[in-house]
Amino acid sequence: MTQDRTTPDETAAAEQADAEQAAEQERREEELLERVLRSFDGCADPRLRELMRALVRHLHAFLREVRLTEDEWWRAIGFLTRTGHVTDDRRQEFVLLSDTLGASMQTITINNRAHRDATEATVFGPFFVDGAPRIELGGDIGGGASGEPCWVEGTVRDTGGAPVPGARVDVWEADADGRYDVQYDDGRTAGRAHLFTGPDGDYRFWAVTPTPYPIPDDGPVGAMLAAVGRSPMRASHLHFKVSAPGHRTLVTHIFVRGDALLDADTVFGVRESLVKDFERLPAGTPTPDGRAVGGTWSRTRFDIVLAPAGA
């Protein structure tokens with residue numbers, strides 16, 4: 001049996017040496033951080049200087065907290081490189097990454113401050129397209145998209161309760177197969193349109209009943225979700241973007257009450273106030289506008305309240 005022959009003096013000396021080495025390591029890391037922070041002293045834009053310094057402080061704090069290895073650093077660089085390679089004019093993998101880390105929702109929450117009973121905002125998503133076709137009140141945004149017909153109606157009002165006539169309402173959604181039109185290669189325009197509210201701030205249109213679908217998970221973000229045991233699925237939803245002069249533009253969704261994914265939406269976009277009843281009606285039930293529907297259909301109501309500009 002080997003006996004420990006270390007004397008108390010030797011133990012104390014070893015502990016002192018360890019403490020000195022730890023202090024030296026801390027000094028080197030702090031000195032590097034300060035040098036990087038000082039490198040932005042000459043930045044002429046105060047806001048940019050503030051952003052860069054805060055970014056550096058938090059980034060270095062993360063690196064030091066987790067004691068990042070060089071191998072992990074290289075793997076992170078590779079991940080970001082692959083994310084850039086996947087991104088093009090039809091797919092924004094960096095937005096997807098931001099969404100799945102909750103950064104998009106946090107930015108939206110910060111920039112859409114609570115104001116009286118104004119409708120809550122949520123993630124924009126990567127599938128909005130400028131120039132969607134216009135439909136009249138009661139028109140159909142489907143454009144041939146597969147899915148069960150869904151009647152959507154509501155009003156747009158301000159926080160004082162007054163109707164907002166002429167508000168532009170952009171709407172877009174995935175089809176029953178969980179795909180947006182831009183995910184097809186045939187150039188179709190389907191599941192998206194815009195319309196304007198009537199004199200009483202009312203709007204109405206036909207869409208398809210929202211269904212769950214996965215975010216694009218064949219790239220780096222999908223690999224990240226798989227590695228950490230997270231699902232790529234989004235809760236069923238219908239996108240809205242509502243704008244009117246004098247009001248804060250609202251980007252939001254509505255979600256289907258009872259959807260099993262409401263508590264597991266992979267981009268953290270669900271707000272309780274945006275969960276709505278979608279009533280499914282049997283075949284043969286008369287529709288609000290007399291449209292003939294061959295099978296079942298659904299209906300929902302979404303009353304929108306816009307905050308004033310600058311709120």
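Which residues of H6 are buried? In this predicted model, local features require pLDDT of at least 70 and side-chain atom pairs count only at pLDDT 80 or more, while totals for chains, interfaces and linings use all residues. Residues are numbered from 1 along each chain as its sequence is written, and side-chain values use heavy atoms, with hydrogens and water left out.

The buried residues of H6 are Pro220, Val221, Gly222, Met224 and Leu225. Here buried stands for under 20% relative accessible area, exposed for over 50%, and partly exposed for values in between, with a 1.4 Å probe and protein chains only. Helices (H or I, at least four residues) and strands (E, at least two) are DSSP runs numbered from the N terminus. The cover over the buried residues of H6 includes helix H3 (70–86) and H4. After H6 comes glycine 229, with a positive phi near 75°.

Two packed helices are described by the angle between their axes and the distance between the axes. Axes are lines fitted to C-alpha atoms, for helices over the stretch in contact, and angles run from 0 to 180 degrees between N-to-C directions. Angles under 35 degrees count as roughly parallel, over 145 as roughly antiparallel, 65 to 115 as roughly perpendicular, and the rest as oblique.

Helix H4 (residues 93–100) packs on helix H6 (residues 220–227) at an angle of about 25°, the axes being 9 Å apart. That angle makes H4 roughly parallel to H6. On the H4 side the contact (heavy atoms within 4.5 Å) is made by Glu93, Leu96, Leu97 and Thr100, and on the H6 side by Pro220, Val221, Met224 and Leu225. By class, 6 nonpolar, 1 polar and 1 charged residues take part in the contact of H4 with H6. In this classification Ala, Val, Leu, Ile, Met, Phe, Trp, Tyr, Cys and Pro are nonpolar, Asp, Glu, Lys and Arg are charged, and the others, Gly among them, are polar.

H4 also packs against H3. The axes of H3 and H4 come within 8 Å and cross at roughly 125°, and the two helices are therefore oblique to each other. Phe79, Leu80, Thr83, Gly84 and Val86 in H3 meet Glu93, Phe94 and Leu97 in H4. The contact of H3 with H4 has 5 nonpolar, 2 polar and 1 charged residues.

Helix H1 (residues 8–38) and helix H2 (residues 46–66) pack at an angle of about 160°, with 10 Å between their axes. H1 and H2 are therefore roughly antiparallel. The contact is formed by Glu26, Glu29, Glu30, Leu32, Leu33, Val36 and Leu37 of H1 together with Arg53, Val56, Arg57, His60 and Arg64 of H2. By class, the contact of H1 with H2 has 5 nonpolar, 1 polar and 6 charged residues.

Several loop residues were also examined. Glycine 102 is found in the loop between H4 and helix H5 (103–111) and is buried, with a relative accessible area of 18%. Glycine 102 and valine 267 are 165 residues apart in sequence, yet their C-alpha atoms are 6.3 Å apart in space. Arginine 116, in the loop between H5 and strand S1 (149–158), has a positive phi of about 50° although it is not a glycine. Arginine 116 is exposed, with a relative accessible area of 66%.

Two further residues lie in the loop between strand S8 (250–256) and strand S9 (275–276). Phenylalanine 268 is placed in this loop and has a positive phi of about 60° although it is not a glycine. Phenylalanine 268 is partly exposed, with a relative accessible area of 43%. Aspartate 259 lies in the loop between S8 and S9 as well, and is buried, with a relative accessible area of 13%. Leaving aside neighbours within four places in sequence, aspartate 259 is in contact with Pro212, Ala235 and Ser236. The C-alpha atoms of aspartate 259 and valine 275, 16 residues apart along the chain, are separated by 9.4 Å.

The structure holds 12 aromatic pairs. Rings of Phe, Tyr and Trp (its six-membered ring) pair if their centres lie within 6.5 Å; planes under 30 degrees apart count as stacked, over 60 as edge-to-face and the rest as tilted. Phenylalanine 124 and phenylalanine 128 form a tilted pair, 5.1 Å centre to centre and with 35° between the planes. Phenylalanine 124 is partly exposed, at a relative accessible area of 33%, whereas phenylalanine 128 is buried, at 19%. Tyr203, Phe205, Phe240 and Phe302 form one aromatic cluster.
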